[in-house]
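Dear colleague,

Here is the structure I promised to pass on to you. My notes on it follow below, and I would be glad if you could read them with the model open.

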Amino acid sequence: MNLTTKSTKMKLEKLIIAFVLVLGVSCSKNDPIIPNEEELITTLTYTLTPTDGGDDVVLIYKDLDAEGTSFDAEITNGTLEANKTYSGVITLSNESEDPAENMTEEVEEEANDHQFFFIDIPTGFTIRYDDSDSDGNPIGLSTIVETKDTYVGGDLTIILKHEPNKFAEDITIYDATNAGGETDIEVTFEMN
């Protein structure tokens with residue numbers, strides 16, 4: 001073997017070692033993290049239970065094709081009464097899967113990345129959060145609803161935000177304007 005071939009072989013070996021080192025470093029912990037995708041929610045059920053007893057009022061929204069083109073929003077078991085307090089619980093599912101996927105559990109597990117907002121509320125209707133994430137910020141799967149003597153019905157819009165800024169200025173249970181994030185689901189019920 002001559003000196004030129006030996007030198008070329010050593011350069012090739014060094015090049016291979018450098019390539020392997022670069023390849024090893026590129027697969028390190030500095031690789032970008034794939035963000036958590038939005039959930040597919042086809043069904044939202046909001047159950048309002050009177051705290052002093054009585055029948056539940058259940059708000060159900062279904063959009064089984066998840067396109068917003070063929071949906072149903074209905075209220076079962078009557079309507080809310082004035083001057084009452086209700087305990088509210090939201091459940092979510094993806095009924096495009098068989099069996100249906102329980103999306104409530106996913107929102108609970110990723111509570112820091114989710115928040116419900118209740119906007120366009122009817123007159124005489126107040127709502128407050130009754131749950132929080134591990135940082136003490138609101139989620140909205142559990143709520144307390146109060147109707148005043150001025151309550152006569154109207155529209156109620158419920159929005160679930162994915163990765164909102166829960167510390168944003170001026171965000172409230174009634175206003176998601178500055179929350180950012182993506183909307184997982186937005187539904188409007190006509191409260192009679």
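Among contacts in the protein chain between residues at least 6 apart in sequence, those that join residues at least 24 apart come to 64%. Please keep in mind throughout that this is a predicted model. The protein chain has two helices and ten strands, and from the N terminus on its elements follow the order α-β-β-β-β-β-α-β-β-β-β-β. Of the 192 residues in the protein chain, 36% are buried, while the accessible surface comes to about 11,400 Å², with 51% of that surface belonging to carbon and sulfur atoms.

Salt bridges

Side chains of opposite charge can pair when their charged atoms come close. The structure holds five such salt bridges, and I describe some of them here. One is formed by the side chains of Asp 52 and Lys 84, at 3.2 Å from N to O. This pair links distant parts of the chain, since Asp 52 sits in the loop between β1 (43–50) and β2 (57–62) and Lys 84 belongs to strand β4, 32 residues apart. As for accessibility, Asp 52 is exposed, with a relative accessible area of 59%, whereas Lys 84 has a relative accessible area of 15% and is therefore buried, the limit being under 20%.

Lys 62 forms a salt bridge with Glu 95, and their closest N and O atoms are 3.7 Å apart. Here too the pair links distant parts of the chain, with Lys 62 in strand β2 and Glu 95 in the loop between β4 and β5, 33 residues apart. Lys 62 is partly exposed at 33% relative accessibility, and Glu 95 is partly exposed at 31%.

A further salt bridge joins Arg 128 to Glu 146, where the closest N and O atoms are 3.6 Å apart. Arg 128 lies in strand β7 and Glu 146 in strand β8 (residues 142–147), so that this pair, 18 residues apart, also links distant parts of the chain. Arg 128 counts as partly exposed at 43% relative accessibility, as does Glu 146 at 23%. Together with Lys 148, Arg 128 and Glu 146 are linked in a network of salt bridges.

Backbone and surface charge

Most residues other than glycine have a negative phi, and most peptide bonds are trans. With that in mind, which residues would you want to look at in the backbone? The peptide bond from Asp 98 to Pro 99 is cis, with omega near 5°, and Pro 99 is placed in the loop between β4 (84–94) and β5 (101–102). Asn 83, although it is not a glycine, has a positive phi of about 60°; this residue lies in the loop between β3 (72–76) and β4, and with a relative accessible area of 56% Asn 83 is exposed.

Asp 120 likewise has a positive phi, near 50°, in a residue other than glycine. Asp 120 is found in the loop between β6 (114–119) and β7 (125–129), and is exposed, with a relative accessible area of 53%. On the surface, Asp 120 gathers with Asp 155, Glu 186 and Glu 190 in a patch of negative charge. Of these, Asp 155 is found in strand β9 (residues 154–162) and counts as partly exposed at 39% relative accessibility.

Definitions and conventions: Residues numbered from 1 in each chain as written. Predicted model: local features only at pLDDT ≥ 70, side-chain atom pairs only at ≥ 80, totals over all residues. Heavy atoms only, no water. Helix = DSSP H or I, 4+ residues; strand = E, 2+ residues; numbered from the N terminus. Buried < 20%, exposed > 50% of the residue type's maximum accessible area, 1.4 Å probe, protein only. Patch = residues over 30% accessible without salt bridge, like charges linked within 9 Å, V, L, I, M, F, W, Y side chains within 5 Å. Areas by Shrake-Rupley, 256 points an atom, 1.4 Å probe, with all protein chains shown as cover. Salt bridge = Lys/Arg side-chain N within 4 Å of Asp/Glu carboxyl O. Lys, Arg positive; Asp, Glu negative; His and termini not counted. Charge placed at Lys NZ, Arg CZ, Asp CG, Glu CD. Contact = heavy atoms within 4.5 Å.
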